[in-house]
Amino acid sequence: MSTFAEAVVERVRAARARLAAAYEDGDAYGASLAQDELEDALRLARKHGIDTGEEEGEG
């Protein structure tokens, strides 16, 4: 895996973790920001054919 692909996968992983934490904390604003970041990271991964282990319906 290239350095770029690794960075994209890490970006997706971090966004998923932030989203889960925001939901757990009941932080609607944080969840909104994390969801936007996750969608952006997943869009970038799809554009470059990077497998992120994306779940059905995510992003």
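Predicted model: local features only at pLDDT ≥ 70, side-chain atom pairs only at ≥ 80, totals over all residues.
Skipping its neighbours within four places in sequence, I found L19 in contact with A31, A34, Q35 and L38.

Next I looked up the core around it. L19 belongs to the largest nonpolar core, which has 9 residues. Helix 2 supplies the largest share, 5 residues.

Then I checked how the two helices sit. Helix 1 and helix 2 pack at an angle of about 155°, and their axes are 8 Å apart. The cut-off for roughly antiparallel is over 145 degrees, so helix 1 runs roughly antiparallel to helix 2. I also logged the crossing of helix 1 past helix 2 as left-handed.

I listed who makes that contact. From helix 1 I have F4, V8, R11, V12, A15, R16, R18, L19, A22 and Y23. From helix 2 I have G30, A31, A34, Q35, E37, L38, D40, A41, L42, L44 and A45. Sorted by type, the residues of this contact come to 14 nonpolar, 2 polar and 5 charged.

The secondary structure is 2 helices and 0 strands. The chain has 59 residues, and 29% of them count as buried. Taking contacts between residues at least 6 apart in sequence, I get 50% that join residues at least 24 apart.

Methods: Residues numbered from 1 in each chain as written. Heavy atoms only, no water. Core = buried A, V, L, I, M, F, W, Y, C linked by side-chain atoms within 4.5 Å. Buried < 20%, exposed > 50% of the residue type's maximum accessible area, 1.4 Å probe, protein only. Helix = DSSP H or I, 4+ residues; strand = E, 2+ residues; numbered from the N terminus. Contact = heavy atoms within 4.5 Å. Axes fitted to C-alpha atoms, helices over the stretch in contact; angles between N-to-C directions. Parallel < 35°, antiparallel > 145°, perpendicular 65-115°, else oblique. Left-handed = near helix turned anticlockwise from the far one by under 90°. Nonpolar A, V, L, I, M, F, W, Y, C, P; charged D, E, K, R; others polar.
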